Amino acid sequence: MADRSPVLRIITSAARESLKPLGLAQRGRSRLWIDDHGWWLGVVGFTPPRIAGSGLYVGAMWLWHDVDHLAFHVDAVRTGPELFRTEDQFTPLALDLSRQAAANVTALREKFPAMPNVARYLTSRPVRRGFLWDSFDAGIATALSGDPDMARDHFERVLREDALAPWIVEAREKTRELYAIAADHDAVTARVTRAVDSCRSKLGLDPLPFAIS
């Protein structure tokens, strides 16, 4: 359903002021903006509440998941919502949200400048039973960072998950294949590169070379 209020126009204007100078791109005419790093994205969503206004959701997406939609695999911040009453009242609120978004995008860039940083972050998080993608992501990042033993430890956690749904069966199959090649850095890199390239294509993003560092 089209946004019939001035909210989208105001949010877009504010985001252009704060995010465009950082190199982020708006997804069409939506409330979504992306910060493209080749194998991961910073994703900014000016999320609409149930009534006119906007919240803010900023996070990171790992493109090795090879999906056709934007996702938040690491959440950086959730803010709001700020409600729209009048243009004069909402405009400074939108500017504040966009500046918060810019600050959080910068923080994500500083947190994840290269794959070893991602591996350290993902392996430092507490293990959450049932959150198999945490272990899947940690396994990939550590394998790409040259630690196949730790990668296998994380992949084994995925393989121990009960196959209670088709998507879990699929996740376990992908993990089993990665487990088998974890010690072959070139094979893991090639496998992840194919997934990233496929995901970029599904999302309509231009091809970019895969670089770990």
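Two residues are in contact when heavy atoms lie within 4.5 Å. Buried means under 20% relative accessible area. Both terms apply here to a predicted model.

Start with helix α1, residues 7-18. Its 12 residues reach 17 Å from first C-alpha to last, close to the 16 Å expected. The buried positions of α1 are Val7, Ile10, Ile11, Thr12, Ala14, Ala15 and Ser18. These buried residues pack against three strands, β1 (25-26), β2 (32-36) and β4 (53-62). They also pack against helix α2 (87-111).

Next comes the sheet. It is open, with five strands in the order β1-β2-β3-β4-β5. The pairing is antiparallel. β1 and β5 (74-83) are the edge strands, and each pairs on one side only. Inside the sheet, β3 (residues 40-45) runs antiparallel to β4, and six bridges join the two. Leu41 stands opposite Met61 of β4. Helix α2 packs on this sheet, where it touches β2, β3, β4 and β5. The direction of α2 makes about 15° with that of β4.

The largest nonpolar core holds 60 residues. Leu19, Trp39, Val44, Phe46, Trp62 and Trp64 touch the most other members. Helix α2 gives the most to this core, with eight residues.

Conventions. Residues numbered from 1 in each chain as written. Predicted model: local features only at pLDDT ≥ 70, side-chain atom pairs only at ≥ 80, totals over all residues. Heavy atoms only, no water. Helix = DSSP H or I, 4+ residues; strand = E, 2+ residues; numbered from the N terminus. Expected span 1.5 Å × (residues − 1). Buried < 20%, exposed > 50% of the residue type's maximum accessible area, 1.4 Å probe, protein only. Pairing = 2+ DSSP bridges. Axes fitted to C-alpha atoms, helices over the stretch in contact; angles between N-to-C directions. Core = buried A, V, L, I, M, F, W, Y, C linked by side-chain atoms within 4.5 Å.
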